[in-house]
Amino acid sequence: MTATNGGPTGTRQDTVAAVVRQWQSVHPDLDTAPMEIIGRINRCAALLQQAEDAPLRRAGLSRPEFDLLGALRRTGRELTPSELARETFSSGAAVTKRLKLLTERGLVERRGDSRDRRVAHLRLTDAGRELVDGTLPEQLAYETAVLSGLDPHRRHELASLLGELLSQLEGRLGALRG
């Protein structure tokens, strides 16, 4: 059985397939199979970032800003900037910059620590909570539409495989970098 593009089942003739073919032509002795996964994940991420998130854009938020607000909402408690950085896989500097903007917009408020003035505790304001709760259903509908080309079983399979990969990377990536 073949895909509509003439390749084997499950193989799509996308940009990454062309890149892999080119590398195989230049270096037929190298196993380019990892490119088929890593390259596609990177390409998907780039395309999703380019498309941006329409509901978030309408709410005047970037994805990283929504991630910060979402972390405060889903944890249901105050977080420090360093906890937010861990929750959102962001750098401390990026979190600080985003928090400044979100605080200025009245979506997040800061409370100093009574024992250590260097520590800030952050929480959503009522406006921040309303924005997250109002935007999340629209964002999920948007993401569902983005994935609508895959049948539900395939989406579940993809989520499972990506979860497996992510779990391995979270556990071993530090060792690979060393």
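**Entry 1: a helix pair**

Is the crossing of α4 and α7 left-handed or right-handed? I looked at this pair before anything else. The crossing is left-handed. I note here that I am working from a predicted model.

I took helix α4 as residues 63-75 and helix α7 as residues 126-146. Their axes come within 10 Å. They cross at roughly 120°. That makes α4 oblique to α7. I checked the cut-off: roughly perpendicular ends at 115 degrees and roughly antiparallel begins over 145, so this angle falls under oblique.

Next I listed who meets whom. On the α4 side I found Arg 63, Phe 66, Leu 69, Gly 70 and Arg 73. On the α7 side I found Arg 129, Leu 131, Val 132, Asp 133, Thr 135, Leu 136, Gln 139 and Glu 143. I sorted the residues of this contact by type: 5 are nonpolar, 3 polar and 5 charged.

**Entry 2: the overall layout**

I stepped back to the whole chain. I count 8 helices and 2 strands in the protein. From the N terminus on, the order is α-α-α-α-α-α-β-β-α-α. The protein has 178 residues, and 23% of them count as buried. I also looked at contacts between residues at least 6 apart in sequence. Of these, 48% join residues at least 24 apart.

**Entry 3: salt bridges**

How many salt bridges does the structure hold? I get 14. I followed up three of them.

The pair I took up to begin with was Arg 58 and Glu 138. Their side chains meet in a salt bridge at 3.3 Å, N to O. This pair links distant parts of the chain. Arg 58 sits in helix α3 (residues 54-58) and Glu 138 in helix α7, 80 residues apart. Arg 58 is exposed, at 62% relative accessible area. Glu 138 is partly exposed, at 40%.

Then I went back to α4. Arg 63, one of the residues that meet α7, also forms a salt bridge with Asp 67. The closest N and O atoms are 4.0 Å apart. Arg 63 and Asp 67 are 4 residues apart in helix α4, so about one helical turn separates them. Arg 63 is partly exposed, with a relative accessible area of 32%. Asp 67 also counts as partly exposed, at 30%.

My last pair was Arg 123 and Glu 78. Their side chains meet in a salt bridge at 3.5 Å, N to O. This pair, too, links distant parts of the chain. Arg 123 is in strand β2 (residues 120-124), and Glu 78 is in the loop between α4 and α5. They are 45 residues apart. Arg 123 is partly exposed, at 39% relative accessibility. Glu 78 is partly exposed, with a relative accessible area of 22%; buried would need a value under 20%.

Which residues are linked with Glu 78 and Arg 123 in a network of salt bridges? I found Glu 109 and Arg 111 in that network.

**Entry 4: a backbone angle**

What is the phi of Phe 89? I read a value near 55°. That is positive, in a residue other than glycine. I noted it because most residues other than glycine have a negative phi.

Where does Phe 89 lie? I placed Phe 89 in the loop between α5 (81-88) and α6 (92-104). Phe 89 is exposed, with a relative accessible area of 70%.

Terms used: Residues are numbered from 1 along each chain as its sequence is written. Side-chain values use heavy atoms; hydrogens and water are left out. Buried means under 20% relative accessible area, exposed over 50%, partly exposed in between (1.4 Å probe, protein chains only). Axes are lines fitted to C-alpha atoms, for helices over the stretch in contact, and angles run from 0 to 180 degrees between N-to-C directions. Angles under 35 degrees count as roughly parallel, over 145 as roughly antiparallel, 65 to 115 as roughly perpendicular and the rest as oblique. A crossing is left-handed if the near helix is turned anticlockwise from the far one by less than a right angle, and right-handed if clockwise. Contact means heavy atoms within 4.5 Å. Ala, Val, Leu, Ile, Met, Phe, Trp, Tyr, Cys and Pro count as nonpolar, Asp, Glu, Lys and Arg as charged, and the others, Gly among them, as polar.
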